[in-house]
Amino acid sequence: MRIAFRSLLCTALLALAACANLNPFRDAASDPPSATTVMTLNEIGEQYLRLVLALGEHDPDYVDAYYGPAATRDAVKQQALKPAAIEKQAQRLLAGVDGADSPQFQTRPEMVDLRRAYLTKQLASLVARAQMLQGRKFSFDEEARALYDTAAPHYQESDFAPALARIEKRLPIEKGDAERTLAERYNRYIERYAVPPAKLEAVMTLAIEEARVRSYNHMPIPVSEHFALSFVSAKPWSAYNWYQGKLQSRIEINTELPIPVSRVIELASHEGYPGHHVYNALLENGLVTGQNWQEFTVYALFSPQSLIAEGTADYGVGLAFPGKEKLAFTRALFKAAGLKAADAERYLDISDAAGALKPAGIEAARRYLDGKASADETIVWMQRFLLYSPERAAQRLKFIDKYRAYVINYSWGEELVRGHIERHANKKAGSPEQWQQFFQLISLPRTPTMLLAADQQAAVPEAAAPINDTPADVNNRADFDRYIASKPTVAAFQKRYPRVFMVLPGTIATREYRSDRSRYFPELDSEGRIIGGSFN
């Protein structure tokens with residue numbers, strides 16, 4: 001009797017597993033899902049992180065951070081998937097995202113939708129990166145769209161003329177300037193206010209602590225977060241945040257080139273508070289610990305997540321140190337560095353004016369990587385339009401060689417973040433409303449497309465690495481929900497989904513159940529835009 005009962009129990013369990021299209025004895029690391037397997041979002045998230053780790057075995061820069069179980073990484077390494085196999089498995093996961101259920105009933109539907117959209121974009125990017133490792137070539141813009149879910153605008157040399165003229169006008173005139181280029185004059189002036197090496201650690205720590213206090217005053221940051229600061233050299237970047245997990249980061253500052261006071265403030269905010277360190281800590285605390293979404297234990301560097309990370313980190317500088325508050329703290333740093341505080345106002349005015357030149361870095365990379373300029377020509381171009389010193393231009397070229405289209409994530413990412421926050425809050429730098437929107441942006445799953453205005457989203461071209469060429473499908477729930485979130489007009493909806501009958505308020509229609517989703521009952525705002533609705 002006992003044996004018979006055990007047999008019946010095993011039979012019932014296997015039947016339940018079959019109904020769910022899941023094999024309870026399947027090793028997720030060695031037996032990838034088939035095209036017909038129905039997976040949960042948790043399973044897709046776990047498989048996604050394994051594929052990121054697998055691709056990292058072929059691309060040492062791809063995994064920027066991983067703080068999940070070491071056993072998972074060891075198993076992935078032992079499996080030794082090739083890029084082609086990684087691409088194939090990622091395609092299968094991508095096909096299953098929209099139909100996957102979330103087993104976490106306590107999670108709000110909008111959170112599930114954000115997660116679904118995030119996994120979709122990250123997987124599509126992973127496919128493109130795997131294709132690149134197999135030899136596929138992209139133009140600069142194609143690579144940007146494929147990896148980062150957006151392409152930056154094209155800039156003309158004339159776009160930078162106003163900022164260059166402003167800097168030329170504000171730089172003090174010194175003996176011999178008539179024979180110097182503007183870049184030489186600018187660097188000679190700015191480097192005069194570089195922090196002395198002996199005082200760099202104290203000044204940097206002071207700036208990070210100030211940025212930390214300002215961030216704590218506006219956002220609920222986990223109190224156990226922590227960072228370690230170190231100084232390095234001979235790197236292609238000026239600073240880096242290596243997230244360690246358990247709410248901890250290692251922030252490295254490259255001392256190879258002089259670090260002016262304004263750069264100290266930028267690095268403190270960008271790498272620390274409210275930038276990369278806070279961004280990663282909030283995701284770990286809220287989504288890994290809070291939701292058990294394991295895909296957030298890994299950070300794929302060449303992915304849409306980086307545009308969110310870099311864009312918010314750059315934007316966070318002005319958020320933490322707006323207007324006159326930045327000037328007051330710059331004076332404090334001048335004193336700490338042993339510099340004359342009376343020079344701070346002019347210095348900050350000139351260094352801030354140079355910020356308008358940052359998009360020139362995108363154009364420099366685009367021209368170079370698309371073969372329209374040589375390495376030497378690009379170095380000269382960066383000196384002219386970014387006002388880089390020869391040494392900094394050479395360092396930046398190494399960065400472009402290594403990270404390629406990643407450069408769009410800084411200035412273009414900041415522009416997208418600013419537009420998103422100002423549309424949902426206001427334009428008052430450092431206002432409580434801006435901080436609230438910023439917190440929501442860095443603590444939830446987000447994609448670059450979500451940062452665009454509704455009309456911009458409608459104009460976004462498909463990525464260069466097409467995953468699914470089918471037209472807009474109302475049954476693609478993730479895509480449909482993202483479209484509705486953009487608040488489209490009725491006319492735009494009907495153009496995108498011509499087979500769906502729009503049942504507008506006042507239209508006479510019965511509400512019988514229809515499984516084909518051929519009718520949609522929209523909810524409209526005061527401007528007649530769709531803000532929600534249902535099919536039955």
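**Exercise 1.** At what angle do helix 13 (residues 323-336) and helix 14 (residues 344-354) pack, and how far apart are their axes?

*Solution.* The model is predicted, so that local features need pLDDT of at least 70 and side-chain atom pairs count only at pLDDT 80 or more, while totals for chains, interfaces and linings use all residues. Residues are numbered from 1 along each chain as its sequence is written, and side-chain values use heavy atoms, with hydrogens and water left out.

Step 1: helices are DSSP runs of H or I with at least four residues, numbered from the N terminus, and their axes are lines fitted to C-alpha atoms over the stretch in contact, with angles from 0 to 180 degrees between N-to-C directions. For helix 13 and helix 14 the angle is about 115°, and the axes lie 10 Å apart.

Step 2: the contact (heavy atoms within 4.5 Å) involves Lys326, Leu327, Thr330, Arg331 and Phe334 of helix 13, together with Ala344, Glu345, Tyr347, Leu348 and Asp352 of helix 14.

Step 3: sorted by class, these residues are five nonpolar, one polar and four charged.

**Exercise 2.** Determine how helix 9 (residues 200-216) and helix 10 (residues 261-272) are arranged.

*Solution.* Step 1: their axes come within 8 Å and cross at roughly 50°.

Step 2: helix 9 and helix 10 are therefore oblique to each other, where oblique covers the angles left after under 35 degrees (roughly parallel), over 145 (roughly antiparallel) and 65 to 115 (roughly perpendicular).

Step 3: Val203, Met204, Ala207, Ile208 and Ala211 of helix 9 meet Val264, Leu267, Ala268 and Ser269 of helix 10, a contact with eight nonpolar, one polar and no charged residues.

Conventions. Helix = DSSP H or I, 4+ residues; strand = E, 2+ residues; numbered from the N terminus. Nonpolar A, V, L, I, M, F, W, Y, C, P; charged D, E, K, R; others polar.
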